[in-house]
Amino acid sequence: MNKLRVAEVFAGIGGVTGGFLDAGGYEAVFLNDNDPAARDTFVHNFPKLKNSYHVRSVRTLSGPDLLELAGGQVDGLLGCPPCQGLSAAGPRNEHDQRNELLHEMHRLIWSIRPRFFVIENVPRLLHTELYKDFESSLSRHYELLGVVLNAAEFGIPQLRCRAVVIGFRKDLGLRPSMPSPTHGGSGRVFAYPTGGYIAPEGPTGRRVFKLRRDVSLPNRPLVTLRQALSDLPTNIPPDEEEPREYARSPMSAYQQQMRWGAQYLWNHRAWDHGPAMIKLLGGVKPGDCPKTYGGRARNTTYFSQAYARLHSDGLARTITTNFHNPGSGRFTHYAAPRTLTIREALRIQGFPD
């Protein structure tokens with residue numbers, strides 16, 4: 001079979017394109033972002049696609065330009081427009097200029113008319129006038145489906161809910177559908193709001209872990225932080241040279257998948273916290289938060305997660321760009337008085353070593 005040709009805008013380090021390449025049946029023919037460092041990271045991991053990644057503002061990219069740079073044909077357009085203006089972790093400003101980048105995605109879809117498109121964003125997007133206008137315009141030529149999915153349902157050790165929008169061109173005669181969960185229907189997982197263990201498949205578990213209520217969960221348990229990170233060295237200095245060796249052999253299927261042939265570790269270096277911060281973080285029990293920052297009853301909100309600690313039998317909260325700052329959320333390692341390293345955060349996001 002001929003592979004479907006996909007292009008990605010707002011590509012970053014290529015997480016979406018990488019996922020399509022892992023799935024098989026797809027060929028990456030174009031990527032775009034305005035961040036040279038993101039391009040360099042992608043090219044380091046996918047050197048054969050060096051000439052396919054273009055650094056420029058998407059606002060300067062026309063449909064004909066995209067098609068020409070992609071070799072004349074694009075079957076699928078992928079994009080995760082910046083979501084800071086809509087994120088629950090931010091000011092939630094619907095007039096944030098970055099929100100308007102969805103219009104650029106809309107413009108390119110109208111221009112090149114791909115067979116399909118896929119968009120990922122924060123859940124709140126689906127309830128905005130911005131998205132309603134997007135959906136109303138494209139529904140004339142595309143079958144659209146927008147659903148909130150949780151990465152934990154698919155074997156990622158993180159409670160990360162995101163809106164996923166799929167569009168199929170109507171002449172294909174296909175209706176888009178979302179994949180069924182691969183994890184979640186067995187075992188018990190540590191829950192931060194209660195401080196105890198909960199079965200994810202029950203009504204309480206689905207609510208606490210933000211799992212969909214209208215789908216059946218398979219017997220594979222959710223992947224915990226212990227299963228994701230326990231093969232990595234825990235007590236590491238901030239100034240030690242890299243690469244470094246793994247602490248032990250893979251202890252779970254997830255760890256084996258994340259190693260993916262890697263022999264050594266890179267980007268696994270502790271942040272240089274001061275003595276006072278280390279003392280504060282070290283005084284918090286795994287799964288708990290400092291008493292001075294609110295009791296456990298307040299742990300369900302973002303800001304009450306400040307200086308809170310992860311639990312080895314729990315999942316990570318949503319990884320943000322500020323995960324290195326212990327005051328910005330529950331990012332303290334479950335077994336060391338420090339925030340997550342870059343490598344640990346990448347593991348939690350599903351990026352292989």
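## Basis

This is a predicted model: local features need pLDDT of at least 70, side-chain atom pairs count only at pLDDT 80 or more, and totals for chains, interfaces and linings use all residues. Residues are numbered from 1 along each chain as its sequence is written, and side-chain values use heavy atoms, with hydrogens and water left out.

Strand 1 spans residues 4-9. Helices (H or I, at least four residues) and strands (E, at least two) are DSSP runs, numbered from the N terminus.

Strand 1 runs parallel to strand 2 (residues 26-33), with 6 bridges between them. Two strands pair if DSSP finds at least two bridges between them. Leu4 has Tyr26 of strand 2 as its bridge partner. Between these strands the chain passes through helix 1 (residues 15-23), and the β-α-β crossover is right-handed (clockwise from the first strand over the helix to the second, with the strands pointing away from the viewer).

Strand 4 (residues 76-79) is also parallel to strand 1, joined by 4 bridges. Here Val6 is partnered with Gly76.

## Cavities

The model has 2 cavities of 30 Å³ or more. A cavity is a set of points on a 1 Å grid over the protein atoms alone where a 1.4 Å probe fits but cannot get out; lining residues have an atom within 4 Å of a point. Grid points are joined across faces, edges and corners, and a volume is the space filled by probe spheres set on the points.

The second largest cavity holds about 30 Å³. Its lining includes Leu159, Phe190, Tyr192, Phe209 and Arg317. By class, 8 lining residues are nonpolar, none polar and 1 charged (Ala, Val, Leu, Ile, Met, Phe, Trp, Tyr, Cys and Pro count as nonpolar, Asp, Glu, Lys and Arg as charged, the others, Gly among them, as polar).

Methods
Buried < 20%, exposed > 50% of the residue type's maximum accessible area, 1.4 Å probe, protein only. 1 Å grid on protein atoms, 1.4 Å probe; cavity = no way out; pocket = protein on both sides within 12 Å on 5 of 7 lines; lining within 4 Å.
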